[in-house]
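Here's a quick tour of a two-chain model, meant for reading with the structure open beside you.

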Amino acid sequence: MEVILIFISAVLVNNFVLSYFLGICPFIGVSDRIESAVSMGFAVTFVLTLSAAITWLINRYILIALNVPFLEYVSYIIVIASLVQFVEMFIRKTSKTLYDALGIYLPLITTNCAILGLALFGALRDYSFIENIVFGIGAGIGFTLALVVMAGIREELDLADVPESLKGAAITLIIAGLLALAFMGFAGLISA
Amino acid sequence: MADTKSGDINTGNKSFSEFIKGFWKENPVLVMLLGMCPTLAVTTSAINGLTMGLAVVFVMTGSSVIVSLVRNIVPKQVRIATFVVIIATFVTMVDLFLKAFLLDLSKALGPFIPLIVVNCIILGRAEAFASRNSVWLSLVDALGVSFGFTVTLVFLGGIREILGMRTFFGMSVLGEGFEPWVIMLLPPGAFITLGFMLGAKNLIDRKMKERKKY
């Protein structure tokens, strides 16, 4: 039951993009077409899930066990950077189609704050191993959801008459604001 | 003799233009759309924006100087990893400092202080500028960009604080008669305010360009 709550909370109620502001850069940069939004979403979900597992192990068996919590940020960022590199090499060797689909989005994930944010939030909330992985999957799916919805709206926006000064990033941010407003409606789901 | 003098003036001018460009022409938030996560997340009040901005000023000047110092020693293949470790070290310093001396602010900013590590402004300037330029120019560039970032954050935080809580840096600005817009303090308020700030900057730029034509 606890696990289901964590999942729904990460996908809808506390959506990483729309209520924690994590992963805004790809959210604005890669949300102009649905196809690229889906690819980016999958790549991020994949890395989020893996890094949720690994950072949990590091936190529990290295940082806490050796009593060196001040190395938290340095060690997380090294793990994430090498993980992304590793995933990229692995996918290139095993599945050419997937590699072509993800393309340039893979290396970009290193500087996606959602990954580091997940590691930090997970450590802060003291989740168990399984809970942390579910949290990672939920956050990834929530990210994908927000990205795809945004891309859908922006494709329609090509036909709309947007004021000259608001074109581009400005109107994207305003739409994101309205989306965040809509997602606030899910807030009642958990407390009920 | 004359040559050295004009050279000095040129470097002076260059440093100044590197410093000033971060505020408007290459403003990291409004033009380059970098570092959006902290910009949106912590600006519920002007003081939070200021703290975040100053933390970034410290991390960015420190890491730019170090990156510039080691730029000829670090092999090309591992430079990004090296930069990230340098940045993470400075972020850890800021985080421990805030926890020790300003606990309330540290709690208000929460995980967004450690998230400075992945702030693309800092890595971006390290890679694009500090790894190619002298220590002095890197320092000036880092100061300009990070203060431009700070000013933008205080501005955004100020708007949200005034409309959402009727105060600015904790001082009452709007009278009791004004009903606070609570939405400004919530995530949607952040997105929408920043969206209109971008729009306003575009509008001013266009008006200035039109005026130049005549």
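In this predicted model, helix α3 (residues 46-69) of chain B packs against helix α7 (residues 135-165) of chain B at an angle of about 165°, with 8 Å between their axes. Angles over 145 degrees count as roughly antiparallel, so that's the label for α3(B) and α7(B). The crossing of α3(B) past α7(B) is right-handed, and the residues in this contact split into 19 nonpolar, eleven polar and two charged.

- Sorted by class, the α3(B)-α4(B) contact has eleven nonpolar residues, two polar ones and no charged ones.

**Chain B as a whole**

- Chain B is built from eight helices and two strands, and reading from the N terminus its elements go α-α-α-α-α-α-α-β-β-α.
- Its C-alpha atoms fill a box of roughly 65 × 55 × 30 Å along the principal axes.
- Of the 214 residues in chain B, 44% are buried.
- Take the contacts in chain B between residues at least 6 apart in sequence: 75% of them join residues at least 24 apart.

**Where chain A meets chain B**

- The contact draws 32 residues from chain A and 32 residues from chain B.
- On chain A's side, α2 (24-29), α4 (72-94), α7 (113-125) and α9 (169-183) each put in at least two residues.
- The largest share of that side comes from α9(A), with nine residues.
- What kinds of residue does chain A bring to the side that touches chain B? By class there are 27 nonpolar, five polar and no charged residues.

**Two residues with positive phi**

- A:N67 has a phi near 60° and sits in the loop between α3 (34-64) and α4 of chain A.
- B:R166 isn't a glycine either, yet has a positive phi of about 65°; look for B:R166 in the loop between α7 and β1 (167-168) of chain B.
- B:R166 counts as partly exposed, because it has 18 C-beta neighbours inside 10 Å.

- For the complex, the predictor gives an ipTM of 0.81 and a pTM of 0.82.
- Chain A has an average pLDDT of 84, with 94% of the residues scoring at least 70.
- Within chain A, confidence is lowest in helix α10 (residues 188-191), at a mean of 68, and highest in helix α8 (residues 129-157), at 91.
- Chain B averages 82, again with 94% of the residues at 70 or above.
- Helix α1 (residues 2-20) of chain B has the lowest confidence in that chain, at a mean of 58, while α3(B) has the highest, at 90.
- Over residues 1-9 of chain B the pLDDT is below 50, and this stretch has zero contacts in the model beyond near neighbours in sequence.

Terms used. Residues are numbered from 1 along each chain as its sequence is written. Chains are lettered from A and ligands numbered from 1 in the order in which they are written. This is a predicted model: local features need pLDDT of at least 70, side-chain atom pairs count only at pLDDT 80 or more; totals for chains, interfaces and linings use all residues. Two residues are in contact if their C-beta atoms, placed from the backbone, lie within 7 Å. Helices (H or I, at least four residues) and strands (E, at least two) are DSSP runs, numbered from the N terminus. Ala, Val, Leu, Ile, Met, Phe, Trp, Tyr, Cys and Pro count as nonpolar, Asp, Glu, Lys and Arg as charged, and the others, Gly among them, as polar. Axes are lines fitted to C-alpha atoms, for helices over the stretch in contact, and angles run from 0 to 180 degrees between N-to-C directions. Angles under 35 degrees count as roughly parallel, over 145 as roughly antiparallel, 65 to 115 as roughly perpendicular and the rest as oblique. A crossing is left-handed if the near helix is turned anticlockwise from the far one by less than a right angle, and right-handed if clockwise. pLDDT is the predictor's confidence in each residue, from 0 to 100. A residue is buried if 20 or more other C-beta atoms lie within 10 Å of its own, exposed if 12 or fewer, and partly exposed in between; C-beta atoms are placed from the backbone.
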